[in-house]
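Please examine the sequence and the structure shown below before reading on. The paragraphs that follow proceed from the whole chain to a single residue.

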Amino acid sequence: MSITIKTPEEIEKMRVAGRLASEVLDYIAPYVVAGVTTEQLDKLCHDYMVDVQQCIPAPLNYAPSGYNPYPKSICTSVNQQVCHGVPGDRILKNGDIINLDITTIKDEYHGDTSRMFIVGEGSIQAKRLCEITFECMWLGISVVKPGAYLGDIGAVIQKHAEKNGYSVVREFCGHGIGKKFHEDPQVLHYGKAGTGPRLEPGMMFTIEPMINAGKAAIREMADGWTIVTKDRSLSAQWEHTLLVTETGYEVMTLSSGCRPKPDWIQ
């Protein structure tokens, strides 16, 4: 595993890219309503990134080994869709939950973040899943500091999810990020504290737990991208990009519309 340490210049560029990604979510929030299609959300985000922010939507035509190029500019994962939901003609309805995953490229550097949205009045179950997943992300963030272990992040996320009766998706994880969309390390959202590499100032990676209301098992849809729960239970995800600082962490994907950290998490 080769984890890059970001220079001050790179960190500043990542701050800009991260803020822009988060501001896309601020912009799109009022449009996430019943009656809109995921395709319409994609077009709005695409045009905002390209025309207003003058940045590049990283997912568009992204093609890791073994995959066909991703055809859209954002990921829209609805209800039982875990991640990488491809925007299309699906119409959002009252009670749906949807994750919007945004990655911008600005001056060659990536900013990566996602949020959950509840369309109209969600069920108690849906609201609780989104809330616990948000807490899982922030608990993972809260243990980031120099000298901590990468495994500490997954351990605290897994404990909180399973304590609340949920399961953690294991096939997908957080990742290092910078000039490349995906770098080392892989940031698992489950595992054992005190394992894995030690964290050092200048490391940068995402924490993006995918938490299922039912079992952890998943499957891939015919489009080759969209991942769903095998048991069709609801799934939720939140994501921030983090920098390890000299004293702890800095969240790189903050903007005025970001929901703040839960008060009870240190």
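**From the whole chain to one residue**

The protein chain has an accessible surface of about 11500 Å², and 53% of this belongs to carbon and sulfur atoms; accessible areas come from the Shrake-Rupley method with a 1.4 Å probe. The model is predicted: local features need pLDDT of at least 70 and side-chain atom pairs count only at pLDDT 80 or more, while totals for chains, interfaces and linings use all residues. Residues are numbered from 1 along each chain as its sequence is written, and side-chain values use heavy atoms, with hydrogens and water left out.

The secondary structure of the protein chain consists of four helices and 15 strands, which are DSSP runs numbered from the N terminus (helices: H or I, at least four residues; strands: E, at least two). The radius of gyration is 17 Å, close to the 18 Å that the globule rule gives for 266 residues, so the chain is as compact as a globular protein of that length. This radius is taken over C-alpha atoms, and the rule is 2.2 Å times the number of residues to the power 0.38. Of the 266 residues, 55% are buried, that is, under 20% relative accessible area with a 1.4 Å probe, protein chains only.

Asp 101 lies in strand β4, residues 97-106. Leaving aside residues up to four places away in sequence, Asp 101 touches Ile 74, Cys 75, Asp 112, Thr 113, Ser 114 and Glu 239, where contact means heavy atoms within 4.5 Å.

Notes. Buried < 20%, exposed > 50% of the residue type's maximum accessible area, 1.4 Å probe, protein only.
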